[in-house]
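Visitor: I would like to learn how to read a model of this kind, feature by feature.
Guide: Then let us look at it together.

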Amino acid sequence: MNQAYIAYQGHILNDYALGNHNGTLDFGEDLLLSLAVKNIGDKPDTNVMVTLSSDSPYLTFSDSTENYGNFEIGEIKTITDGFAFHVSDSVPNGMDLVFNVKAVNNLDSINYSYFTIEANAPQLNITNIRISDPSGNNNQVLDTGENADIIIKYVNNSLFVCSRPG
């Protein structure tokens with residue numbers, strides 16, 4: 001290899017200050033992330049800046065860059081709560097969100113790595129739709145000019161509560 005190579009090693013989510021305190025990535029949360037990176041190359045590295053990003057429309061970063069400094073061969077460094085982002089309320093349950101790690105040294109050498117985190121959110125599935133038209137002809141079909149109630153039954157197939165808006 002004959003070069004330094006800074007790559008993703010691990011991460012810890014912190015939702016204790018801003019989220020629901022369960023340590024997972026959940027819809028609507030503001031999260032802090034501690035990112036560990038390692039020099040997996042065979043040379044030391046200097047003045048390494050790490051940027052965390054995602055192409056996902058469900059994530060918005062408010063703090064995405066940290067200075068990790070110098071690395072010896074095999075050294076692992078972590079910046080505790082160094083990165084901050086918001087998760088959209090509309091993130092799909094179970095979606096794997098890809099986080100891109102970009103490490104740049106003082107010579108503008110760039111190393112890329114990535115990791116994924118699964119999103120948690122309510123997951124509503126419709127189980128039944130029924131038309132109630134007792135003031136019409138009561139045939140459970142929405143006819144022209146008829147007033148009726150449309151009754152939708154659904155189930156939430158996730159561990160997260162879905163509340164009524166407003």
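This is a predicted model: local features need pLDDT of at least 70, side-chain atom pairs count only at pLDDT 80 or more; totals for chains, interfaces and linings use all residues.

Visitor: Which strands form the open sheet, and in what order?
Guide: Strands (E, at least two residues) are DSSP runs, numbered from the N terminus, and two strands pair if DSSP finds at least two bridges between them. Here 4 strands make up an open sheet with the order 1-2-6-4, paired antiparallel. Strand 1 (6-14) and strand 4 (59-63) are its edge strands, each pairing on one side only. From one strand to the next the twist averages 40°; the axes behind such an angle are lines fitted to C-alpha atoms, and angles run from 0 to 180 degrees between N-to-C directions.

Visitor: How many bridges join strand 4 to strand 6, and how many pair strand 2 with strand 6?
Guide: Strand 4 and strand 6 run antiparallel and are joined by 4 bridges; within strand 6, His 86 is the residue opposite Thr 60. Strand 2 and strand 6 are antiparallel over 8 bridges, and Leu 32 has Ala 84 of strand 6 as its bridge partner. On the strand 1 side, strand 2 (residues 30-39) pairs with strand 1 in the antiparallel sense over 8 bridges. Ile 12 faces Ser 34 of strand 2 there.

Visitor: Is Ser 34 buried or exposed?
Guide: Buried means under 20% relative accessible area, exposed over 50%, and partly exposed in between, with a 1.4 Å probe and protein chains only. Ser 34 has 8% relative accessibility and so counts as buried. Its contacts (heavy atoms within 4.5 Å) include Ile 12, Gly 10 and His 11, as well as Thr 78, Ile 79, Thr 80 and Asp 81, leaving out residues up to four places away in sequence.

Visitor: What does the side chain of Ser 34 reach at 2.8 Å?
Guide: A polar contact is a pair of N or O atoms within 3.5 Å; within protein, one must be able to donate a hydrogen and the other to accept it, and residues adjacent in sequence count only if both atoms are side-chain atoms. The side chain of Ser 34 makes one at 2.8 Å to the backbone nitrogen of Asp 81. A second case is Asp 26, in the loop between strand 1 and strand 2: its side chain is joined to that of Asn 22 by a polar contact of 2.9 Å. Asp 26 counts as buried because its relative accessibility is 1%.

Visitor: Which residues have the most contacts inside the largest nonpolar core?
Guide: In soluble globular proteins, nonpolar side chains tend to be buried together. A nonpolar core is a set of buried Ala, Val, Leu, Ile, Met, Phe, Trp, Tyr and Cys residues joined through side-chain atoms within 4.5 Å. The largest one here has 25 residues, and Leu 25, Leu 33, Leu 35, Val 50, Phe 85 and Phe 99 have the most contacts inside it. At least two residues come from each of strand 1, strand 2, strand 3 (45-53), strand 5 (65-71), strand 6 (76-87), strand 7 (96-104) and strand 8 (110-118). Leu 25 is in contact with, among others beyond four places in sequence, Leu 13, Leu 31, Phe 85, Val 87, Leu 97 and Phe 99.

Visitor: How many aromatic pairs does a search of the whole structure find?
Guide: A pair of aromatic rings is described by the distance of the centres and the angle of the planes. Rings of Phe, Tyr and Trp (its six-membered ring) pair if their centres lie within 6.5 Å; planes under 30 degrees apart count as stacked, over 60 as edge-to-face and the rest as tilted. The search finds 5 such pairs. Phe 61 and Phe 99 are edge-to-face, with 6.3 Å between centres and 85° between planes. Phe 61 is in strand 4 and Phe 99 in strand 7, so this pair ties together parts 38 residues apart in sequence.

Visitor: Where does Phe 115 lie, relative to Phe 99?
Guide: Phe 99 is buried, with a relative accessible area of 0%. The rings of Phe 99 and Phe 115 are stacked, because their centres are 5.1 Å apart and their planes at 5°. Phe 115 lies in strand 8 and Phe 99 in strand 7, so the pair links parts 16 residues apart in sequence. One aromatic cluster is formed by Tyr 8, Phe 61, Phe 85, Phe 99 and Phe 115.

Conventions:
Residues are numbered from 1 along each chain as its sequence is written. Side-chain values use heavy atoms; hydrogens and water are left out.
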